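Subject: Handing over the structure

Hi,

Here is the structure I promised to pass on.

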There are 2 protein chains.
Amino acid sequence: MQKAAIEKNNEMIAAQLTPVGRETVQDRVYSELRRALIGGLFEPSQVLTIRGLADALVTSTMPVREALGRLITEKALEALPNRSVRVPPITLERIDDLLRARSLIEGEAIALAATRMNPRQIASVEAMLGEWDEMRALKHKKDIDREATLNQSFHFEIYRCCGSAVLIPMIESLWLQSGPCIRVAIYAFSDAGEVDTAHYHRSIVAALSRQDAQAAREALVADISRPFAFLRDKLQSTSKEG
Amino acid sequence: MQKAAIEKNNEMIAAQLTPVGRETVQDRVYSELRRALIGGLFEPSQVLTIRGLADALVTSTMPVREALGRLITEKALEALPNRSVRVPPITLERIDDLLRARSLIEGEAIALAATRMNPRQIASVEAMLGEWDEMRALKHKKDIDREATLNQSFHFEIYRCCGSAVLIPMIESLWLQSGPCIRVAIYAFSDAGEVDTAHYHRSIVAALSRQDAQAAREALVADISRPFAFLRDKLQSTSKEG
DNA sequence: TCAAAGCAAGCGTGATCACAAATCAAATCA
DNA sequence: TGATTTGATTTGTGATCACGCTTGCTTTGA
């Protein structure tokens, strides 16, 4: 019986190769649409069609319609009575509603994380802060996409430490819902002049490293409130004009 | 121009007829699976197949697969790496996780509702309490399904008053996730002898009627903690035996 | 000239088929 | 006898087609 030898050979092969994964087309479509939504590539109130997306993503309609259905159930998209689907429009009530929910849930997640993060994990998110500064130093403005991605990684790296398999998907859903709104605010930001966003993130990391759950929660709420407050003002002024 | 006459005739017709609705097969399948999940008709860890459900619901596979996909994204079902889908199993961590999330979010919802409910709405949920007592008086035990339905109506009637279009879908998702777990506990309840559940609901209504948000939150948390705590003890004792 | 009817293109929905992966059972070999 | 392999059945996934609804434009009639 050369069972052991075969086993060893397989292990050698396994060490060289990297798993190819079994992602379905539907999963890729779903991920791509999520990315687009969080990244603000779609405008609020924009209507999406199955065939149009299928053409753009170079697949058939089948994976797209299932991905759209999933995004509708998590309120990232909206099903109109006409049976067409669109990106939810921005309203003042919705902005306040989203901010309240995010403060509540992400606040709880970071408070939990503050009591559970080990030094290794804290060092990891602290390192992201440095990477951030480098990027900012190099190209004074621009590259909003890269900054947004980094911001997302920063937040979820922390949230993952809260140890809740229930809260994290909810937070993802909230980011999905607020993505299109936030992006509108961010773009307006970069026109209106930069604000020191790094300051908030430093406060968060500082609170985490001394395991101060309450301070972490407050710093986080201040961080996520910023774009919402900006968007709120912008919306109110435009509605006055109209 | 007999426009006014035509208009009047149309109104008369509309008064007689009731809208026929435009629910798709997929929607019906989704609702039915939701009902089954919250009602605990499926056991934890039970595997569901598309064709099996399609046969049981007397449709084709298409509406079922889309409904399953939607339920998977809201974590009401679980996609295994084998690509089969099952009802999520019960674990101690999951129970604590769900209870924490529900206390947080439903607690916030009821606190908001406490400040916003008008006398009309309060009277409505108070009336449900009476209906409850009647049912309980008639058939001493039994009819758990009816009681569960009433309980669900009671809670969501309150939550709807919180005025948040973001929180309510999240609460629905949480009920969906905890449905199978809760049902296991409820059935064990009715064996172990009834507890006075009406007491908690009276406390909730009392707090709401004097607009005491904090008391309402505490009464609610006590109410939803009960089956979770019971289930928790049951799980711990069985794991000791095994 | 303008509103209403009619028509055509586009869309979502559901059914069916083809294919590949997984599962289970019988058959095979050591 | 017990582990392995082989083959048949079942399952999920994706593509395609047919049907009915919606929408926008043209045409018709007053």
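Below is what turned up, starting with the DNA and moving on to contacts inside the protein.

First, some housekeeping. This is a predicted model, so to speak of a local feature we need pLDDT of at least 70, and side-chain atom pairs count only at pLDDT 80 or more, while totals for chains, interfaces and linings use all residues. Residues are numbered from 1 along each chain as its sequence is written, chains are lettered from A and ligands numbered from 1 in the order in which they are written, and side-chain values use heavy atoms, with hydrogens and water left out.

**Around DNA strand C**

I'd start with DNA strand C, which has 16 residues around it. A residue is near a molecule or strand if one of its heavy atoms lies within 4 Å of it. R22(A), R51(A), R65(A), V25(B) and S60(B) come nearest. By type, the residues of this surface split into six nonpolar, six polar and four charged. For that sorting, Ala, Val, Leu, Ile, Met, Phe, Trp, Tyr, Cys and Pro count as nonpolar, Asp, Glu, Lys and Arg as charged, and the others, Gly among them, as polar.

Which part of the strand faces the protein? Of the atoms of DNA strand C within 4 Å of the protein, 47% belong to sugar or phosphate, and the rest to bases.

In chain A, a polar backbone atom of I50(A) is 3.1 Å from a phosphate oxygen of DNA strand C. Helices here are DSSP runs (H or I, at least four residues), as are strands (E, at least two), numbered from the N terminus.

**Salt bridges**

Side chains of opposite charge can pair when their charged atoms come close. Over all chains there are 26 salt bridges, each a side-chain nitrogen of Lys or Arg within 4 Å of a carboxyl oxygen of Asp or Glu.

Three examples:

- R35(A) pairs with E32(A), with the closest N and O atoms 2.8 Å apart. Both sit in helix α2 of chain A, three residues apart, about one turn of the helix. R35(A) counts as exposed at 51% relative accessibility, and E32(A) as partly exposed at 32%.
- E78(A) meets R86(A) at 3.0 Å, N to O. E78(A) is partly exposed at 29% relative accessibility, and R86(A) is partly exposed too, at 22%.
- D96(B) meets R232(B) at 2.8 Å, N to O. D96(B) lies in helix α5 (residues 92-116) and R232(B) in helix α10 (residues 213-241) of chain B, so the pair ties together parts 136 residues apart in sequence.

As for the accessibility words, buried means under 20% relative accessible area, exposed over 50%, and partly exposed in between (1.4 Å probe, protein chains only).

**Cysteines and rings**

How many disulfides does the structure hold? Zero, over all chains; a disulfide would be a pair of cysteine sulfur atoms within 2.5 Å. For C162(A), the nearest cysteine sulfur is that of C161(A), 8.2 Å away. C162(A) is buried, with a relative accessible area of 0%.

There are five aromatic pairs over all chains. Rings of Phe, Tyr and Trp (its six-membered ring) pair if their centres lie within 6.5 Å; planes under 30 degrees apart count as stacked, over 60 as edge-to-face and the rest as tilted. F156(B) and Y159(B) form an edge-to-face pair, 5.6 Å centre to centre with 85 degrees between the planes. Both are in helix α7 (residues 144-159) of chain B. In chain A, ring pairs link F156(A), Y159(A) and W175(A) into a cluster. W175(A) is in helix α8 (residues 167-192) of chain A and is buried at 8% relative accessibility.

Cheers

Technical notes: Polar contact = N/O pair within 3.5 Å; in protein donor to acceptor, adjacent residues only side chain to side chain.
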